[in-house]
Amino acid sequence: MNRRTALAGVVALTAGLTLAGCSSSDGAPDLTVSGAFMPQPVGDMAAGFLVVKNSGGTSDRLTSVTSPLSDDVTIHETKNQAMRMVTSFDVPAGGELDLRRGGNHIMFMKLKQRPEQGDTISVELHFEKADPIKVDLPVKETTYNPKTQ
Ligand code: CU
């Protein structure tokens with residue numbers, strides 16, 4: 001092996017190590033979803049709640065939600081007991097986005113069907129960086145709130 005090919009080998013090896021270290025520690029967002037549910041709606045709109053945890057070293061943003069239940073799904077924040085639409089929610093690096101009753105939520109308008117307790121509603125969460133995540137929301141009783149149980 002001459003000096004030039006040996007050097008090229010070292011460079012390639014170093015580049016490989018850098019990439020591997022990057023993806024395992026502070027590379028892409030690493031998202032998991034838990035605690036998803038939908039309270040049985042009483043009218044023609046419904047809300048969805050869940051927690052998105054980011055174990056990665058890079059922050060991400062929830063930018064939209066889609067569902068077969070409705071063509072009009074938006075994300076809302078609640079401030080001073082009034083809700084308003086937002087364009088995205090932060091999913092901080094090493095933290096979580098918490099959609100819970102009385103706070104931030106997914107809003108489904110113009111429902112194509114009326115979900116009943118025991119049904120499952122599928123949604124797809126879309127993020128700025130991470131791949132979309134499909135989630136099943138079990139429909140619970142109208143007053144269900146895991147944070148107080
Ligand atoms: Cu709302």
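Let's start at the second largest pocket, which is lined by 16 residues, with Gly 35, Phe 37, Val 51, Pro 146 and Lys 147 lying nearest its centre. On a 1 Å grid over the protein atoms alone, a pocket is an open set of points where a 1.4 Å probe fits, with protein on both sides within 12 Å along at least five of seven lines, and lining residues have an atom within 4 Å of a point. The elements giving two or more residues to this lining are β1 (31-39), β2 and β7 (96-99). The largest share of the lining of the second largest pocket, 4 residues, comes from β1.

Before we go on, keep in mind that this is a predicted model, where local features need pLDDT of at least 70, side-chain atom pairs count only at pLDDT 80 or more, and totals for chains, interfaces and linings use all residues. Residues are numbered from 1 along each chain as its sequence is written, and side-chain values use heavy atoms, leaving out hydrogens and water.

Now hop over to the largest pocket, which holds about 250 Å³ of space. Of the 16 residues that line the largest pocket, Pro 39, Ala 46, Ala 47, Phe 49 and Arg 101 are the closest to its centre. Strands β2 (46-54) and β8 are the elements that give two or more residues to this lining, and β2 gives the most, with 3 residues. The lining of the largest pocket splits into 8 nonpolar, 6 polar and 2 charged residues.

Next up are the charged pairs. Side chains of opposite charge can pair when their charged atoms come close. A salt bridge is a side-chain nitrogen of Lys or Arg within 4 Å of a carboxyl oxygen of Asp or Glu, and by this rule the count comes to 7. One of them joins Asp 72 and Lys 110, at 3.6 Å from N to O. That pair links distant parts of the chain: Asp 72 sits in strand β4 (residues 72-79), while Lys 110 is in the loop between β8 (105-109) and β9, 38 residues apart. Lys 110 is exposed because its relative accessible area is 62%, and Asp 72 counts as partly exposed at 24%. The cut-offs are under 20% for buried, over 50% for exposed and partly exposed in between (1.4 Å probe, protein chains only).

Another pair is Arg 84 and Glu 77, whose closest N and O atoms are 2.8 Å apart. Arg 84 counts as exposed at 52% relative accessibility, whereas Glu 77 is buried at 13%. Salt bridges that share partners join Glu 77, Lys 79 and Arg 84 into one network.

Finally, look at Val 123 in strand β9 (residues 120-127). Val 123 is buried, with a relative accessible area of 3%. Not counting residues up to four places away in sequence, Val 123 touches Val 65, Thr 66, Ser 67, Phe 108, Ile 133, Lys 134, Val 135 and Leu 137, where contact means heavy atoms within 4.5 Å.

Notes
Grid points are joined across faces, edges and corners, and a volume is the space filled by probe spheres set on the points. Ala, Val, Leu, Ile, Met, Phe, Trp, Tyr, Cys and Pro count as nonpolar, Asp, Glu, Lys and Arg as charged, and the others, Gly among them, as polar.
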